[in-house]
Amino acid sequence: MRVNSTSLALFALALLALTIDHTAEAFVKGSVAPARPSFELNAAAKKKAKSKKKAAATKKTSAKKLVAESMRKPEFVALVAEKLDSTKAEADASIAAVVDTIVESVVAGKKVSLPGFGAFQLRARAARKGRNPQTGEEIDIKASNSPAFTAAKAFKELANE
């Protein structure tokens, strides 16, 4: 089949008209990006896309996923009571005293360091600009303080054994 320059120009013009028509519809509907005409993928292209998705999923699952079992306060209190060889009520009171002391000290601006475990401290977050994800409007995020925990080197090493 022979293609002359006139038929090629007409084809390009028709393709351009289709693109402009879709862009105008998208603009009227409020979309920012121009709409693209949809094309059917052939069987080979579909199979290739499917294999790429499967490879990506395999890559994600091949990473070591850490799933921590949750320990509730009553279980924790029971373990502490067992280690201290005391009652659960005494262990609960001890845990509450430790947590209250850490919270009060950190709120007061002190750094609480527990060698071999880690350090609790208050970190200042500066004021910054953000965006409302629904409207895209720029908003001011005020400065704030946030409590932080940094694990000690010994704790990190034990976690990675």
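The model is predicted.

Begin with the overall plan. The protein chain holds five helices and five strands. Read from the N terminus, the elements run α-α-α-α-β-β-β-β-β-α. The chain has 161 residues, and 9% of them count as buried. Its accessible surface comes to about 14,500 Å². Carbon and sulfur atoms account for 61% of that area. Contacts over sequence distance can be read too. Take the contacts between residues at least 6 apart in sequence: 27% of them join residues at least 24 apart.

Three strands make an open sheet in the order 1-2-5, and the pairing is antiparallel. Strand 1 (112-114) and strand 5 (144-151) are the edge strands, each pairing on one side only. From one strand to the next, the twist averages 25°. Strand 2 covers residues 118-125 and runs antiparallel to strand 1, with three bridges joining the two. Val-112 has Phe-120 in strand 2 as its bridge partner.

A helix belongs to this picture as well. Helix 4, residues 88-107, lies across strand 1, strand 2 and strand 5. Its direction makes an angle of about 35° with strand 2.

How many salt bridges does a search of the whole structure find? The search finds two. One of them links Asp-92 with Lys-73, where the closest N and O atoms are 3.4 Å apart. Asp-92 sits in helix 4 and Lys-73 in helix 3 (residues 73-84), so this pair ties together parts that are 19 residues apart in sequence. The two partners fall into separate accessibility classes. Asp-92 has a relative accessible area of 29%, so it is partly exposed. Lys-73 reaches 53%, so it counts as exposed.

The other salt bridge joins Asp-140 to Lys-129, with 2.7 Å between the closest N and O atoms. Asp-140 lies in strand 4 (residues 138-141) and Lys-129 in strand 3 (residues 128-131), so the pair ties together parts 11 residues apart in sequence. Are these two residues buried or exposed? Both Asp-140 and Lys-129 are exposed.

Strand 3 and strand 4 pair in the antiparallel sense over four bridges. Within that pairing, Lys-129 stands opposite Asp-140 of strand 4. Strand 3 and strand 4 form a hairpin, with six residues between them. In the turn, Gly-136 has a positive phi of about 80°.

Finish on the surface. Leu-114, Phe-117, Phe-149 and Phe-155 form a nonpolar patch there. Together they present about 320 Å² of accessible area. The sheet supplies part of the setting, since strand 1 spans 112-114 and strand 5 spans 144-151. Phe-155 comes from helix 5, residues 153-159.

Notes
Residues are numbered from 1 along each chain as its sequence is written. This is a predicted model: local features need pLDDT of at least 70, side-chain atom pairs count only at pLDDT 80 or more; totals for chains, interfaces and linings use all residues. Side-chain values use heavy atoms; hydrogens and water are left out. Two strands pair if DSSP finds at least two bridges between them. Axes are lines fitted to C-alpha atoms, for helices over the stretch in contact, and angles run from 0 to 180 degrees between N-to-C directions. Contact means heavy atoms within 4.5 Å. Patches are made of residues with over 30% relative accessible area and no salt bridge: like charges are joined within 9 Å, nonpolar side chains (Val, Leu, Ile, Met, Phe, Trp, Tyr) within 5 Å. Accessible areas come from the Shrake-Rupley method with a 1.4 Å probe; for residues, only the protein chains shown count as cover. A salt bridge is a side-chain nitrogen of Lys or Arg within 4 Å of a carboxyl oxygen of Asp or Glu. Buried means under 20% relative accessible area, exposed over 50%, partly exposed in between (1.4 Å probe, protein chains only).
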